[in-house]
Amino acid sequence: MTESSEYLNDSAVVLAAQGHHAEAIACLERAARLDPAHGVIWFNLALSYRATGKLAEALSCLERANELSPADSDVLDTLGVVQHEVGEDAGAEASYHAALEVAPENGRIWNNLGVLRFSQGRFEDARHAFEKAVALIPDFEDALFNLRDAYDELGDERSRDICAESLRALERRREGGADEVKPS
């Protein structure tokens, strides 16, 4: 039986899910040699490289995946994340904007854009992005944490406290306790 790029990619996905990224990388590198024009293979290879801390390799694979699938919001979003991680903030912002052109209702991308802006001290811009993320995904815990911190940086104590209460309510639901309505 000959190995196909699809078989190798599928095997790599299983290996990566089990945390076996070195083995996943080996499969995906073989798959990329067999089918160098398959954007999903390059994307998955980038994810495993990133998981192993090989950010330069991840970035290179994401750039290749983006060349092959320029309208893939997941590729663009992940490209932005890795660009930010390696200090290419201008490229990261451009990647997030390109991703949002494709998927403007994706709360994860809005949150990632907010993280970039927050890290740059652009708290008002970060607040806007985090609010958009929470509006799209009301129970998005990461975005709520980030929004709370943005409100704190902006000195908006009332909004910060509302976020903090939303986070506590999420925690109660996760622990199995429903939000109780207390009589007045």
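User: Which conventions apply to the numbering and to the values?

Analyst: Residues are numbered from 1 along each chain as its sequence is written, and side-chain values use heavy atoms, with hydrogens and water left out. Since the model is predicted, local features need pLDDT of at least 70 and side-chain atom pairs count only at pLDDT 80 or more, while totals for chains, interfaces and linings use all residues.

User: How many helices and strands does the protein chain have, and what makes a run count as one of them?

Analyst: The protein chain has ten helices and zero strands. Helices (H or I, at least four residues) and strands (E, at least two) are DSSP runs, numbered from the N terminus. Along the sequence the pattern reads α-α-α-α-α-α-α-α-α-α, and the C-alpha trace spans about 70 × 40 × 25 Å along its principal axes.

User: Why is Asn146 called buried?

Analyst: Buried means under 20% relative accessible area, exposed over 50%, and partly exposed in between (1.4 Å probe, protein chains only). Asn146 has a relative accessible area of 19% and is therefore buried. This residue of helix α9 touches Asn111, Val115 and Phe130, leaving out residues up to four places away in sequence; contact means heavy atoms within 4.5 Å. Of the 184 residues of the protein chain, 39% count as buried.

User: What makes Glu101 exposed?

Analyst: Glu101 has a relative accessible area of 68%, so the residue is exposed. Glu101 is found in helix α6.

User: Why are α3 and α5 called roughly parallel?

Analyst: Axes are lines fitted to C-alpha atoms, for helices over the stretch in contact, and angles run from 0 to 180 degrees between N-to-C directions. Angles under 35 degrees count as roughly parallel, over 145 as roughly antiparallel, 65 to 115 as roughly perpendicular and the rest as oblique. The axes of α3 (residues 39-51) and α5 cross at roughly 30° and come within 11 Å, and the two helices are therefore roughly parallel. Phe43, Leu47 and Arg50 of α3 meet Asp74, Val75, Thr78, Val81, Val82 and Glu85 of α5.

User: How do you know that α8 is roughly antiparallel to α9?

Analyst: α8 and α9 pack at an angle of about 150°, with their axes 9 Å apart, and α8 is therefore roughly antiparallel to α9. Among the residues making this contact are Phe123, Phe130 and Val134 of α8 and Leu144, Asn146 and Leu147 of α9. By class, the contact has ten nonpolar, one polar and four charged residues. Here Ala, Val, Leu, Ile, Met, Phe, Trp, Tyr, Cys and Pro count as nonpolar, Asp, Glu, Lys and Arg as charged, and the others, Gly among them, as polar.

User: What makes a set of residues a nonpolar core, and which residues have the most contacts inside the largest one?

Analyst: A nonpolar core is a set of buried Ala, Val, Leu, Ile, Met, Phe, Trp, Tyr and Cys residues joined through side-chain atoms within 4.5 Å. The largest has 25 residues, and Tyr96, Ile109, Trp110, Leu113, Leu144 and Leu147 have the most contacts inside it. Elements giving two or more residues to this core include α6 (89-102), α7 (107-119) and α9 (141-154). A second, separate core of 22 residues includes Ala31, Phe43, Leu62 and Val82.
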